[in-house]
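This report looks at a few local features of one protein model. Please have the sequence and the 3D view at hand while reading.

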Amino acid sequence: SGKNKPDAAKSVGLSNMTINKWMNHPEFGIFDEFAKRIRQVTINSVVDGFNQGKSKIEVAELYDISMKTIDEFIELGQNGFKRYEELFYLYENRVIPKHLDIFLNDFQTKSLFKSLKHAKISKEELDHYYDLGKAGDEQFKDFYHDFFDVKINLLVDNILSKKSLKIALKN
C-alpha cells in the first residue's frame, strides 16, 4: 500500500524482522497470489451487490465488507484504475440514482436525516451529487433541480404555516 517495510510492519503489529522473514519466504508468491484473489473476490462481491441495486451499506452488511474498503474501491474506479471501473460505473449509474430518488420522495414528508437513512446514502454523498448537479453534470442536473424545488416548497410551506423564518430555513 505504498508504505516502507518498517511502517508496514508497525501498521500490522509485526516486527520488521517478521515482515522480512515472510517477504523472503520461498512461498511468498503463494501468499501474494492468495491476497490478489481475495481482493478480486471482494471486488466481484461489491459488483454483484451493485448489480442488484443494493446500497453501499447493504453490500457491506451482505458480504461482510467494510465501508472503508467499498469507498476505497469506488475511489480507485473514479480515478481510472481499470480493475475498479465497472464497480464505480455501477455505483454512479445504477445505485446512486435509485437512492437519490428514494431520498427525494421521502424528503417531501420526512426530515433530512430520516430520508437519508431510508435512502441509505450519507449526507456527504448527498452533498457531492447535489454539487455535481449544481455544477451542470448532466447525470445529476435533474436531481439538483428537483431537490432545490423541494427545499423551496418546504420553505414556503413553513412560512405559510406561520413558522419563524429561522425555523423555516432550518427545516
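## Loop residues with positive phi

Asp-64 is exposed, as its relative accessible area is 72%. The model is a predicted one. Asp-64 sits in the loop between helix H4 (56–63) and H5. Its phi is positive, about 55°, although Asp-64 is not a glycine. Most residues other than glycine have a negative phi.

Lys-120 is a further case: its phi is near 60°, a positive value in a residue other than glycine. Lys-120 belongs to the loop between helix H7 (112–119) and helix H8 (123–134). With a relative accessible area of 30%, Lys-120 is partly exposed.

## Aromatic pairs

How many aromatic pairs does the structure hold? There are ten aromatic pairs. A pair of aromatic rings is described by the distance of the centres and the angle of the planes.

One of the pairs is formed by Phe-73 and Tyr-84, with 5.2 Å centre to centre and 40° between the planes, and this pair is tilted. Phe-73 lies in helix H5 (residues 67–78) and Tyr-84 in helix H6 (residues 82–107), so the pair ties together parts that are eleven residues apart in sequence. Both Phe-73 and Tyr-84 are buried.

## A stacked pair and a ring cluster

Phe-143 and Phe-147 also form an aromatic pair, with 5.7 Å centre to centre and 10° between the planes. Why does this pair count as stacked? The angle of 10° makes the pair stacked because planes under 30 degrees apart count as such. Phe-143 and Phe-147 are four residues apart in helix H9 (residues 138–160), so about one helical turn separates them.

## A negative patch on the surface

Which residues gather in a patch of negative charge on the surface? They are Asp-101, Asp-142, Asp-146 and Asp-149. Helix H9 provides the largest share of this negative patch, three residues.

Asp-146 is placed in helix H9. Asp-146 is partly exposed, with a relative accessible area of 40%.

Note on methods:
Residues are numbered from 1 along each chain as its sequence is written. This is a predicted model: local features need pLDDT of at least 70, side-chain atom pairs count only at pLDDT 80 or more; totals for chains, interfaces and linings use all residues. Side-chain values use heavy atoms; hydrogens and water are left out. Rings of Phe, Tyr and Trp (its six-membered ring) pair if their centres lie within 6.5 Å; planes under 30 degrees apart count as stacked, over 60 as edge-to-face and the rest as tilted. Helices (H or I, at least four residues) and strands (E, at least two) are DSSP runs, numbered from the N terminus. Buried means under 20% relative accessible area, exposed over 50%, partly exposed in between (1.4 Å probe, protein chains only). Patches are made of residues with over 30% relative accessible area and no salt bridge: like charges are joined within 9 Å, nonpolar side chains (Val, Leu, Ile, Met, Phe, Trp, Tyr) within 5 Å. Accessible areas come from the Shrake-Rupley method with a 1.4 Å probe; for residues, only the protein chains shown count as cover. A salt bridge is a side-chain nitrogen of Lys or Arg within 4 Å of a carboxyl oxygen of Asp or Glu. Lys and Arg count as positive and Asp and Glu as negative; His and the chain ends are not counted. The place of a charge is taken as NZ of Lys, CZ of Arg, CG of Asp or CD of Glu.
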